[in-house]
Amino acid sequence: MQSSLRTRRRPIDFTVRLIFRIAAIFTIIITVGILIALLVPSLEFFAEVPVWEFLFGTRWAPRFADASFGVVPLVTATAWTTVIALAVAVPLGLGAAVFLSEFAHHRARKVLKPILELLAGVPTVVYGYFAVQFVQGTVLREWLGWDTGSFSVLAAGFVMGVMIVPTIASISEDAMSAVPNALRQGSAALGANRMQTSLRVVFPAALSGIIAAIVLGVSRAIGETMIVALAAGQQARIVTGPLEAGQTMTGFIASAALGDSRVGSLEYNTLFAVGLLLFISTLVVNFIAIAIVRRFREAY
Amino acid sequence: MATVTRGMSSSTAPTVRGRAKGGETSPRALIFLVLLWFCLLFALFFLVVLLVSIVVDGYARVDSRLFTEYPSSSPEDAGARPAILGSLWVIATTAVMTLPIGVAAAIHLEEFANKHNLVNRAVELNVQNLAAIPSVIYGMLTLAALGFFGVVNKNQVWVGALALSMLILPVIIIATREALRAVPAEIRQGSLALGATPLQTVFRNTLPAALPGIATGSILGLSRALGEAAPLLLLGGLVFLRFDPNGLMSGYTTMPIQIFNWTGRPQEGFHELAAATSIVLLVVLLSMNALAIFIRNRFQKRW
Amino acid sequence: MHFRASSAASIPVSEASAPSVLDVEDVNIFYGDFRAVTQVSLGFRRNEITALIGPSGCGKSTVLRSLNRMNDLVEGARVEGSIRFNDEDIYGKDVDAIEVRRRIGMVFQKPNPFPKSIYDNIAYGPRVTRMKVSSMDDLVEEALTKAALWDEVKDKLKQSAFGLSGGQQQRLCIARTIAVQPEVILMDEPCSALDPIATTKIEDLMHELRDEYTIIIVTHNMQQAARVADRTAFFTALADDTTGDRTGVLVEYDNTAKLFESPADQRTEDYISGRFG
Amino acid sequence: MHFRASSAASIPVSEASAPSVLDVEDVNIFYGDFRAVTQVSLGFRRNEITALIGPSGCGKSTVLRSLNRMNDLVEGARVEGSIRFNDEDIYGKDVDAIEVRRRIGMVFQKPNPFPKSIYDNIAYGPRVTRMKVSSMDDLVEEALTKAALWDEVKDKLKQSAFGLSGGQQQRLCIARTIAVQPEVILMDEPCSALDPIATTKIEDLMHELRDEYTIIIVTHNMQQAARVADRTAFFTALADDTTGDRTGVLVEYDNTAKLFESPADQRTEDYISGRFG
Amino acid sequence: ACGGQSTTTEGDESGSAMSGAIASDGSSTVAPLTEAAATQFASVEPDIQVTVATSGTGGGFKTFCEGETDISNASRPIKDEEATACADAGVEFTEIVIANDGLSVVVNPENDWASCLTVEQLQTIWAPESEGTVTNWNQVDPSFPDVPLTLYGAGTDSGTFDYFTDVINGEEGASRTDYSPSEDDNVTIQGVSGETGALGYFGLSYLEENADLLKGVEVDGGDGCVYPSTETVQDGTYTPLGRPLFIYVNNASYAEKPELQTFIDFYVENATSIAEAALFVPLTDEQITIAQDELATLVG
Ligand SMILES: Nc1ncnc2c1ncn2[C@@H]1O[C@H](COP(=O)(O)OP(=O)(O)OP(=O)(O)O)[C@@H](O)[C@H]1O
Ligand SMILES: Nc1ncnc2c1ncn2[C@@H]1O[C@H](COP(=O)(O)OP(=O)(O)OP(=O)(O)O)[C@@H](O)[C@H]1O
Ligand SMILES: [Mg+2]
Ligand SMILES: [Mg+2]
Ligand SMILES: O=P([O-])([O-])[O-]
């Protein structure tokens with residue numbers, strides 16, 4: 001039994017672990033790829049169109065005889081749909097999360113949470129048509145009789161909001177469930193009811209997780225394509241009210257995708273300039289979310 | 001000294017009977033609870049309305065022709081066969097391309113990576129970030145890559161699968177990591193304490209124990225890919241074809257794109273077909289979600 | 001279920017005349033179908049410290065939580081029998097569990113301050129129960145003083161409670177409980193996460209609080225029971241003769257000195273002398 | 001750092017001639033910058049049971065995990081000094097931690113069977129270490145028999161190990177460890193999650209295993225140390241004079257009977273008599 | 001990025017039934033026509049795989065001139081610069097007029113004032129100068145009521161856009177930009193059917209299929225008001241918005257690929273029934289003769 005403890009070689013272990021590492025590093029290649037893919041055409045684009053004109057111009061008509069490349073109209077439409085989506089998804093999502101985490105019987109939660117998550121499984125094309133036909137056509141115009149056209153940032157944003165509810169609900173429910181039971185018990189032992197415990201102890205304790213959920217919702221809303229392409233309208237104009245139609249950044253990308261532009265042409269590069277702006281917007285939002293989640297992890 | 005106006009003192013102890021305010025059934029608490037119910041039920045109600053409206057529009061065309069016929073210029077003869085098969089091809093290819101890489105990357109990050117190593121931290125941050133990048137961006141990446149490598153024919157199964165793979169890779173990595181993390185450290189320690197190598201520990205213990213979680217995450221990721229239309233639109237997925245896709249280089253279309261296509265037609269019959277195809281797609285997606293949830297509830301161990 | 005008769009005994013408190021704040025009578029406690037505690041009867045007397053001891057899993061925490069209806073929060077938990085607080089059945093129909101909990105406070109095994117400032121931790125209870133308070137500052141100071149924590153924290157009331165040491169956190173939790181002016185304070189192994197010095201402080205504190213409150217403490221540490229408690233109840237877990245399910249029973253309840261020096265039951269003796277547990 | 005001289009003592013084992021399987025010399029263990037254990041030296045002798053006792057946080061588990069390099073798995077953990085197994089430094093340059101762990105097995109506080117069948121739990125070690133086994137069935141039977149579990153499980157070897165009771169699971173974990181034929185078995189509070197009857201069974205088992213193995217056990221339960229151990233080491237945590245950081249030190253190491261009956265150090269005496277901890 | 005290698009695979013000519021693949025791309029207007037051809041063709045030659053992509057007329061010519069497709073569908077004749085691109089790449093082609101279409105101008109059914117519009121009025125509505133200024137019907141004609149004017153039209157990459165701007169505004173691509181452009185004509189249907197003051201234009205078939213949702217406008221090209229219909233398009237009275245539809249065939253492919261030959265022959269031979277199936281206006285007898293002549297030059 002007195003064999004030595006000397007090291008044995010394990011070439012297979014080494015190789016397999018190397019493969020794992022390469023797989024992990026592959027994800028960086030994707031990001032680098034995205035950056036190159038967006039930057040190269042964008043730089044060509046900005047060689048012809050000054051950055052300032054792109055960022056602050058108020059007329060978006062890249063494919064007309066009298067072309068102009070001010071992205072502000074697309075940005076306003078994106079801002080409207082995003083804000084409306086959040087106005088729907090944040091209260092609904094947080095309400096559902098508080099209910100599931102603090103009030104629902106565990107068996108009820110086991111049924112309700114998955115059903116809620118099914119909302120996230122509905123393909124966005126389907127949501128898109130639902131937004132145009134039912135929400136815009138039937139609800140807003142017929143039932144409510146509102147003065148709005150066939151498309152509106154309201155219908156698109158609203159449906160997008162419903163689509164995001166499970167994302168916000170699920171992540172913030174996780175954050176609330178992660179709050180130690182000891183805090184709930186401590187609160188209950190002081191004579192607080194469940195509403196007080198939820199609002200004054202659990203909610204603040206889970207706050208950074210909840211904010212992260214919301215921020216993630218923001219980036220989903222900014223990046224969602226099919227719903228806005230179908231329901232927000234295709235006209236690039238500065239949107240000043242929720243009942244107006246407008247083309248979002250993703251909406252432009254989708255509609256441009258239906259045509260076919262030659263690699264390297266200005267039209268083609270326009271697509272990537274908007275893509276770059278979209279990418280940077282979500283990137284900023286993501287980093288905020290990640291930073292918040294970091295802090296939240298350190299809390300317990 | 002704080003003065004408190006509440007009947008105190010031990011001898012004249014007040015009763016513990018229900019108070020009007022503050023209790024579990026106080027008006028505020030009840031209103032709050034009603035609001036919470038509303039939040040949940042509203043979302044569920046919306047789902048029901050959506051399902052009902054689609055079923056009403058399309059149930060009449062969910063028949064055998066939908067599955068056997070090819071698209072046609074007349075809605076009466078048309079079916080979604082190539083789109084259904086195309087979705088299958090693309091998703092299967094996506095799964096084959098993504099799962100090994102995703103699981104391998106997750107194992108590296110969760111089991112082996114030195115968390116202080118700069119590269120690993122970058123990878124970790126990067127994966128979180130990739131997960132929130134809009135799907136159209138992946139379409140644009142693939143488009144640019146094809147341009148770079150001089151591939152002109154974009155309508156090929158592997159091209160669509162490539163875009164969707166990159167789209168769901170972070171989802172799979174994150175789900176796998178979570179599943180691995182849920183396997184208690186004691187299991188790993190138990191294995192290592194018996195003289196197993198870290199790799200043996202992963203393959204014989206951690207990974208099998210994490211399998212339900214990985215399966216759940218992968219199914220959810222793939223179902224997301226199955227419902228995607230935007231990146232494929234960028235990649236020339238919007239085509240009319242009357243043949244079954246038959247290989248990685250084959251032309252294809254998918255259900256979401258077929259739905260998009262038909263809804264854009266003038267004829268009412270195509271709209272009905274689009275709704276019918278939506279029903280099929282929804283049934284598939286909701287079954288995948290249900291399967292994932294089933295696996296999660298049934299097989300995921302509570303340690 | 002069939003238990004040996006002796007084990008399901010209801011042990012009468014010897015000085016039956018003394019007033020009980022809390023009276024437990026013939027209580028069974030269930031988690032779903034599982035009977036965690038069987039046929040427990042005992043009375044807790046005002047301004048005394050009572051210790052509950054016994055091996056792990058014998059139901060000490062279960063009994064303790066039933067005394068202020070914290071068990072309501074545990075899914076499937078059910079109490080049979082009567083538990084009377086100042087002669088009122090706390091599981092009675094009209095009774096507000098929240099009011100019960102305010103009047104019968106609880107301190108937990110692991111210190112569980114809220115992620116708020118020290119001040120807000122103390123003020124939380126008075127706020128949620130809408131106590132009419134002339135000066136919250138005074139109330140906070142008073143509670144912290146009673147919990148022997150004022151001097152250590154008076155300069156950092158606005159700082160997060162998480163910055164305190166474990167022992168300080170536990171005293172903060174006691175102060176928080178005192179702030180809502182309960183009559184009884186339940187403590188479930190309040191020192192088991194603390195070091196010896198912090199433990200000593202808490203034990204000293206309990207002695208001081210005894211003048212105003214009735215204290216019931218669960219402890220694993222027999223020395224602690226011997227040090228702090230006026231009376232001690234010893235529980236153990238017995239297997240059912242037929243099903244083999246284990247359930248908690250009260251074996252012996254007496255003056256602490258009496259219980260430790262000349263236990264009436266062999267099992268108490270075995271436990272105290274370290275022959276099991 | 002400045003510790004009182006006496007606390008960082010290296011206590012010589014009285015019968016210095018007896019052979020040590022494991023020799024710990026001047027060991028400091030760090031978690032990052034935090035020194036969890038300071039200047040520990042002690043030898044573990046073949047075919048003896050050694051108990052490590054002391055208050056919570058004094059570094060017992062830390063020392064134990066350093067003995068088979070399980071600390072390698074803890075991020076930031078670092079061992080200074082020498083730990084020799086059969087006169088080979090287990091932290092030496094060429095040493096394979098995996099081989100160390102096979103030869104020095106470990107049983108944990110919470111039973112941790114693998115989510116596999118009982119049979120596969122036992123066969124796992126021999127399989128992964130590629131032991132040359134003539135008959136796996138025999139080996140499984142032998143290990144289970146040695147762990148006093150064979151009779152209880154022989155009819156359900158293919159069933160999941162999760163179906164066993166806590167005590168059975170813990171014996172399964174011991175059987176699993178035995179199956180790879182280690183020389184030393186480390187146990188970290190192996191009974192703290194078990195009931196008294198299961199505890200008794202494990203203690204009896206340890207006595208039987210002593211003939212073949214060297215056993216080192218960490219326990220919170222002094223009675224248990226007194227019942228099972230040949231020799232006992234008492235650790236405590238001391239605060240650094242200047243920084244106030246607490247670090248674990250070995251206070252006293254001796255025959256169990258001697259240590260419990262006439263401890264040489266006042267702190268040992270205080271701990272044993274329940275004056276703290 | 002001009003690979004130039006063909007995506008089609010050579011069919012094996014052993015059996016009597018042919019196989020092989022035919023790639024077409026281009027106009028989304030013409031696509032239903034080629035799709036109908038493919039559908040009917042499938043009953044004759046089931047193993048020949050015809051793909052119809054829809055990148056718009058302009059997009060279709062781009063890939064066609066890179067040699068990527070065998071057939072390009074077009075709703076306007078090829079432009080000079082496009083023809084040059086083809087020539088540069090060595091792609092020779094033949095143009096075949098395969099059906100007729102009328103560009104119909106549509107308004108909301110509730111619109112009772114604009115039953116007939118002159119070309120000048122259309123120009124007032126669509127001219128680039130009107131951008132941002134002509135926003136009300138009463139600016140088009142003082143007799144029209146005070147109703148806001150909203151516009152829907154074809155996407156900028158489409159032949160429809162080029163054709164419409166050419167005949168109405170006198171220059172291809174010259175158009176106001178403040179309208180909803182879409183490659184998807186259903187967007188226009190939804191848009192126009194949803195707003196009293198809306199006006200849009202697209203292919204005749206979309207009007208015929210949605211006669212209940214929309215109202216077709218008579219167009220006065222100088223010779224009085226003419227309603228768009230099969231007859232008025234065929235007899236040439238619907239001017240200037242009646243137009244021919246084209247397919248462009250790659251000569252070299254036609255010569256090399258028997259399956260393409262069979263398909264094109266079939267297409268021309270059955271042009272009438274295909275046009276009817278696809279809801280287009282069939283060729284006149286004269287046009288049929290011309291088409292067959294074109295086909296003959298291809299073979300020769
Ligand atoms: N929430 C619960 N659901 C189901 N069973 C429970 C629950 N809590 C406790 N039990 C069971 O009830 C019995 C008594 O548990 P309890 O926690 O009251 O014991 P205890 O004496 O406090 O033990 P310890 O000293 O370990 O804290 C145990 O068998 C335990 O497994
Ligand atoms: N992974 C770790 N990282 C950092 N510090 C640690 C880690 N594990 C233990 N410590 C610290 O090291 C010291 C010794 O811990 P250890 O777990 O060895 O004590 P112990 O005597 O086993 O206590 P217990 O009886 O509670 O198990 C403690 O201060 C503890 O907080
Ligand atoms: Mg307990
Ligand atoms: Mg320990
Ligand atoms: O698709 P188009 O016919 O408008 O080019």
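Guide: In chain B, 62% of the 303 residues count as buried (under 20% relative accessible area with a 1.4 Å probe, protein chains only; over 50% is exposed, and partly exposed lies in between). The model is predicted: local features need pLDDT of at least 70 and side-chain atom pairs pLDDT 80 or more, whereas totals for chains, interfaces and linings use all residues. Residues are numbered from 1 along each chain as written, chains are lettered from A and ligands numbered from 1 in written order, and side-chain values use heavy atoms without hydrogens or water.

The overall form of chain B comes next. Its radius of gyration is 27 Å, while a compact globule of 303 residues would have one near 19 Å (taken over C-alpha atoms, with the globule rule being 2.2 Å times the number of residues to the power 0.38). Along the principal axes, the C-alpha atoms of chain B fill a box of roughly 90 × 60 × 35 Å. Among the contacts in chain B with a separation of 6 or more, 72% join residues 24 or more positions apart (a contact means heavy atoms within 4.5 Å).

The accessible surface of chain B is about 11400 Å², and carbon and sulfur atoms hold 68% of it (Shrake-Rupley method, 1.4 Å probe). Chain B carries 22 positive and 15 negative charges, whose mean positions are 14 Å apart (Lys and Arg against Asp and Glu, without His or chain ends, placed at NZ, CZ, CG or CD of Lys, Arg, Asp or Glu). As for its neighbours, chains A and B share the most contacts of the eight pairs of chains in contact.

Chain E may be set beside this. It has 13 helices and 12 strands. Its radius of gyration of 20 Å is close to the 19 Å of the globule rule for 300 residues, so chain E is as compact as a globular protein of that length. The accessible surface of chain E is about 10700 Å², with 48% belonging to carbon and sulfur atoms. Chain E has 7 positive and 51 negative side chains, and the centres of these sets lie 7 Å apart.

Notes
Helix = DSSP H or I, 4+ residues; strand = E, 2+ residues; numbered from the N terminus.
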